[in-house]
Amino acid sequence: MSVRELVVLGTASQVPTRHRNHNGYLLRWDGEGILFDPGEGTQRQMLRAGAAAHDLNRICVTHFHGDHSLGLAGVIQRINLDKVPHRITAHYPRSGRHFFDRLRYATAYRETVSLTEAPVDADGILATTEAYTLQARRLSHPVESFGYRLVEPDGRRMLPDRLAAHGIKGPDVSRIQREGSLNGVPLEAVSEVRRGQRFAFVMDTRLCEGVHALAEGCDLLVIESTFLDGDEGLAEEYGHLTAGQAARAARDAGVRHLVLTHFSQRYTDPGEFERQARAAGFEGELTVASDLLRVPLPKRR
């Protein structure tokens, strides 16, 4: 059975707190696992969430600040310790390659796994599989940062009334899907386009073109909201978003489910992030993330 869900491993910005681990987010997409921004403590959070090194197929790092990358050393060594049998690909800003190398080889261990490095240096497509296309867009932060976006290919949804009108039933339904036509009836006559699902991951950034491009039409958007709106000046200075800014970007992009995360330790009431996001006009499903939360992708339209 296919599973598409976000497993939130950590939600703190800059430093962990008593209730929030450093960043870490595992996207389960059918049979694949994509780990985003493994901060310090990610390996332990994976254990608590019931996720194993064998679940990982890709690691995507937005930028090389510690709260988004210090967990790489432990995760990579665990992948090797557990002798994960399949190839794992790591994406990260090419400008931070020396940081990735230091974390990958932070201590002595035995390499047993094929870890492929695929650094990012420009907007564009990073990988294409049968299940999704992985894209990157540049963000606006004091160090080079990229956001990531998964887009599922469009498919087709069969329409029972049209199938019945053409007398197509039983094994012939699979046949027309496979062959594209049957007895002169084209697939388009008995089906409609089923829009592929879309997911985006946007971390440390000011508002910029990349934020809007990544969020456009997303079924699930995970986005930082380090500050509340009263501290918008600090957000701009340090290269971050407020709850209201994140929500307005999601509203304008037609996002279905918005996940706010990466919260400054200065705030003690998580509910205020939701209140400000609603006040900004976002009317879709909204989650203020907490550690070890599981967020399913919305059902298809």
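**Notebook: helix pairs and sheets**

The model I am reading is a predicted one.

**Entry 1: α3 and α4**

Next I listed the residues that make the contact. On α3 they are Leu72, Ala73 and Ile76, and on α4 they are Phe100, Leu103 and Arg104. Sorted by class, this contact of α3 with α4 holds five nonpolar residues, one charged residue and no polar ones.

**Entry 2: the sheet that carries these helices**

I then traced the strands. An open sheet of seven strands runs in the order β6-β5-β4-β3-β2-β1-β18, and its pairing is mixed. Which strands stand at the edges? They are β6 (115-117) and β18 (294-296); each has a single partner strand, so one side of each is left without a neighbour in the sheet.

Strand β2, residues 24-29, and strand β3, residues 32-36, pair in the antiparallel sense, and I noted five bridges between them. In this pair Leu27 stands opposite Ile34 of β3.

Back to the helices: α3 (residues 72-81) packs on the sheet and touches β3, β4 (58-60), β5 (88-91) and β6. The direction of α3 makes about 175° with that of β4. Helix α4 (residues 97-104) also packs on the sheet, where it touches β5 and β6. I have its direction at about 165° to that of β6.

**Entry 3: a second sheet**

I followed another open sheet of seven strands, in the order β7-β8-β9-β14-β15-β16-β17 and again with mixed pairing. Its edge strands are β7 (124-128) and β17 (285-288), each of which pairs on one side only. Here neighbouring strands are turned by 15° against each other on average, direction ignored.

The pair I checked was β15 (residues 220-224) with β16 (residues 257-261); these two strands run parallel and are joined by five bridges. Leu221 stands opposite Leu258 in β16. On this sheet packs α10, touching β16 and β17, with its direction at about 150° to that of β17.

**Entry 4: α9 and α10**

How do the axes of α9 and α10 cross? I found that helix α9 (residues 243-253) and helix α10 (residues 271-279) have axes that come within 8 Å and cross at roughly 45°. α9 and α10 are therefore oblique to each other, and their crossing is right-handed. I wrote down the meeting residues as Ala243, Gly244 and Ala247 in α9 and Phe273, Gln276 and Ala277 in α10. By class I have four nonpolar and two polar residues in the contact of α9 with α10, and no charged ones.

**Entry 5: the whole chain**

Last, I noted the totals. The chain has 10 helices and 18 strands. Its radius of gyration is 21 Å, close to the 19 Å that the globule rule gives for 301 residues, so the chain is as compact as a globular protein of that length. Along the principal axes, the C-alpha atoms fill a box of roughly 65 × 50 × 35 Å.

Technical notes. Residues are numbered from 1 along each chain as its sequence is written. This is a predicted model: local features need pLDDT of at least 70, side-chain atom pairs count only at pLDDT 80 or more; totals for chains, interfaces and linings use all residues. Side-chain values use heavy atoms; hydrogens and water are left out. Two strands pair if DSSP finds at least two bridges between them. Helices (H or I, at least four residues) and strands (E, at least two) are DSSP runs, numbered from the N terminus. Contact means heavy atoms within 4.5 Å. Axes are lines fitted to C-alpha atoms, for helices over the stretch in contact, and angles run from 0 to 180 degrees between N-to-C directions. Ala, Val, Leu, Ile, Met, Phe, Trp, Tyr, Cys and Pro count as nonpolar, Asp, Glu, Lys and Arg as charged, and the others, Gly among them, as polar. The radius of gyration is taken over C-alpha atoms; the globule rule is 2.2 Å times the number of residues to the power 0.38. Angles under 35 degrees count as roughly parallel, over 145 as roughly antiparallel, 65 to 115 as roughly perpendicular and the rest as oblique. A crossing is left-handed if the near helix is turned anticlockwise from the far one by less than a right angle, and right-handed if clockwise.
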